[in-house]
Amino acid sequence: MIDFQPTDGLIVVDIQRDFCPGGTLAVPQGDEIIDVVNRIIKKAEEAGSVIVYTRDWHPENHLSFKAYGGIWPPHCVQWTPGAEFHPQLYLSEKGIILDKGMHPEFEAYSGFQGTGLHQIFKDRGVNRVFVVGLATDYCVKETAVDALRYRYETFVVADAAKGVNVNPDDSQKALQHIKDMGGKVILSQELLP
């Protein structure tokens with residue numbers, strides 16, 4: 001059993017309406033992880049860990065959208081219902097919300113890109129990071145990869161994340177890449193009683 005510590009960071013990646021069933025860029029069964037994610041958030045909250053929620057917060061003319069040369073349909077456009085956190089997601093009062101992908105000309109898959117997250121963690125003495133959320137093969141992967149680059153001990157909770165899987169094995173490849181970089185892939189039962 002892994003116990004959360006005050007020097008741990010929990011990054012809850014992009015659990016937004018547009019990435020869940022019914023959204024414009026839905027991760028298949030993306031909402032099915034929310035119960036386990038909520039339990040993890042509450043355990044981290046009880047331990048006094050640093051809890052961060054990332055969200056895509058795109059302008060209407062973001063370069064990732066097909067109309068502007070990207071590969072994705074419009075999603076998580078600022079101030080639209082699709083950009084809101086999923087209504088079942090537990091938002092801790094102690095949580096920090098970080099927006100990414102706000103500049104029209106810059107992509108931001110990682111929660112560390114343009115958000116000041118590394119500085120927040122440094123200021124709070126975080127040395128171990130846990131990553132959950134959507135999507136395993138994109139923003140979860142890139143967030144974990146950046147955490148490893150910044151030399152945090154990094155864990156991805158595999159059953160508290162879901163992938164898009166444009167190719168059927170994309171999520172497995174993403175998790176293997178994280179392992180190859182020195183990250184750890186665990187299951188929620190290693191965190192939850």
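**Strand pairing, buried elements and cysteines in the predicted model**

Strands β2 and β3 pair in the parallel sense over five bridges, where pairing requires that DSSP finds at least two bridges between two strands. The model is predicted, so that local features need pLDDT of at least 70 and side-chain atom pairs count only at pLDDT 80 or more, while totals for chains, interfaces and linings use all residues. Residues are numbered from 1 along each chain as its sequence is written, and side-chain values use heavy atoms, with hydrogens and water left out. Helices (H or I, at least four residues) and strands (E, at least two) are DSSP runs, numbered from the N terminus.

Together with helix α1 (residues 34–47), β1 and β2 form a right-handed β-α-β unit. A crossover is right-handed if, with the strands pointing away from the viewer, the path from the first strand over the helix to the second runs clockwise.

Strand β2 (residues 50–56) is largely enclosed by the rest of the structure, because seven of its seven residues are buried. Buried denotes under 20% relative accessible area, exposed over 50%, and partly exposed the range in between (1.4 Å probe, protein chains only). Val50, Val52, Thr54 and Asp56 point one way from the strand, whereas Ile51, Tyr53 and Arg55 point the other way; all are buried.

Helix α3 (residues 136–149) is likewise largely enclosed by the rest of the structure, because 10 of its 14 residues are buried. These buried residues are Thr136, Asp137, Cys139, Val140, Thr143, Ala144, Val145, Asp146, Ala147 and Leu148. The elements that cover them include β1 (8–13), β3 (96–100), β4 (128–134), β5 (153–162) and α4 (170–180), with contact taken as heavy atoms within 4.5 Å. Just after α3, Arg151 takes a positive phi of about 70°.

A disulfide is defined as a pair of cysteine sulfur atoms within 2.5 Å, and by this rule the count comes to zero disulfides. The sulfur of Cys76 is 8.9 Å from the closest cysteine sulfur, that of Cys139, and is therefore too far for a bond. For the sulfur of Cys139, the closest cysteine sulfur is in turn that of Cys76. Cys76 is buried, with a relative accessible area of 0%; Cys139, in α3, is also buried, with a relative accessible area of 7%.
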